[in-house]
Amino acid sequence: MKKLFKVVLIALCVVFTANLAKAQNKIGYVYFNAIIDVMPEKAKLGKDMQDYQKTFVDRLQAMQAEYQTKGKAYEDGKAKMTDAVRIQTEGELTDLQKRIQDYSTLAQQQLEQHNNELAKPVFDKVKTAVDAVAKEKGYAYVIDATQQILIVMPTGDDLTDAVKTKLGLGAAASTAKK
């Protein structure tokens, strides 16, 4: 009976130890930006953003030129103006300056929104590849190490090259890491 009890106890210990080992999750990391930087889609995304940004820059430059022209005309003719005309002109200049600031803020918001819309498919594509590589290699968690927040990062858990390979970015992309 004692032998049976020892055998059962040893079997339970083995099962318990196996469950503990199984319960530990692997954690990997990936340099998300390093992958995106070597993707062909990034160049097109940059060009599209420059084109979109140019429309705002052109309009903003035109508004600033108008402000400078009106400001110079005001300064040149200020001595000859009546109080009513001077106050009206100052109000127009203040209004124009406010419109320039408002337009600049709106342009910044729209650029950010447009960039997010353009980048979403690229980010989704990389995330899908990261998910697939993590599943293939048995990783339960994958952290974006681009921010360099991790203190200890074992090289065996770096999935960046595997994700690049999964995306078909090949060996040339591996050298552009970090």
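**A walk through a predicted helical model**

Threonine 160 is buried, with a relative accessible area of 0%. Buried means under 20% relative accessible area, exposed means over 50%, and partly exposed lies in between (1.4 Å probe, protein chains only). This is a predicted model, in which local features need pLDDT of at least 70 and side-chain atom pairs count only at pLDDT 80 or more, while totals for chains, interfaces and linings use all residues. Residues are numbered from 1 along each chain as its sequence is written, and side-chain values use heavy atoms, with hydrogens and water left out.

Stay with threonine 160 for a moment. The residue lies in helix α5, which covers residues 160-166. Its side chain reaches the backbone nitrogen of tyrosine 31 at 2.8 Å.

Now the overall fold. The protein has six helices and two strands. Both are DSSP runs numbered from the N terminus: helices are H or I with at least four residues, strands are E with at least two. Along the sequence the order is α-β-α-α-α-β-α-α.

What share of the 178 residues is buried? The figure is 23%. The protein exposes about 12800 Å², and carbon and sulfur atoms supply 59% of that area. Accessible areas come from the Shrake-Rupley method with a 1.4 Å probe; for residues, only the protein chains shown count as cover.

Next, the inside. A nonpolar core is a set of buried Ala, Val, Leu, Ile, Met, Phe, Trp, Tyr and Cys residues joined through side-chain atoms within 4.5 Å. The largest one here has 27 residues, of which Ile35, Ile36, Met39, Val126, Val130, Val163 and Leu167 touch the most other members. Helices α2 (32-37), α3 (40-77) and α4 (83-137) each supply at least two residues of this core. The largest share, twelve residues, comes from α4. Look at valine 126. Leaving aside residues up to four places away in sequence, valine 126 touches Phe32, Ile35, Ile36, Met39, Val163 and Leu167.

Ile27, Tyr141 and Ile143 make a nonpolar patch of about 280 Å². Patches are made of residues with over 30% relative accessible area and no salt bridge; like charges are joined within 9 Å, and nonpolar side chains (Val, Leu, Ile, Met, Phe, Trp, Tyr) within 5 Å. Isoleucine 27 belongs to strand β1, residues 26-30. Isoleucine 27 is partly exposed, at 45% relative accessible area.

Finally, the charges. Side chains of opposite charge can pair when their charged atoms come close. The structure holds 14 salt bridges, each a side-chain nitrogen of Lys or Arg within 4 Å of a carboxyl oxygen of Asp or Glu. Lysine 42 pairs with aspartate 37, with the closest N and O atoms 3.2 Å apart. Lysine 42 is partly exposed at 37% relative accessibility, and aspartate 37 is partly exposed at 45%.

Glutamate 66 and lysine 70 form a salt bridge at 3.2 Å, N to O. Both lie in helix α3, four residues apart, about one turn of the helix. Lysine 120 and aspartate 124 also form a salt bridge, with the closest N and O atoms 2.8 Å apart. They are separated by about one helical turn because they are four residues apart in helix α4. Salt bridges that share partners join Asp83, Arg86 and Glu90 into one network.

Methods: Polar contact = N/O pair within 3.5 Å; in protein donor to acceptor, adjacent residues only side chain to side chain. Contact = heavy atoms within 4.5 Å.
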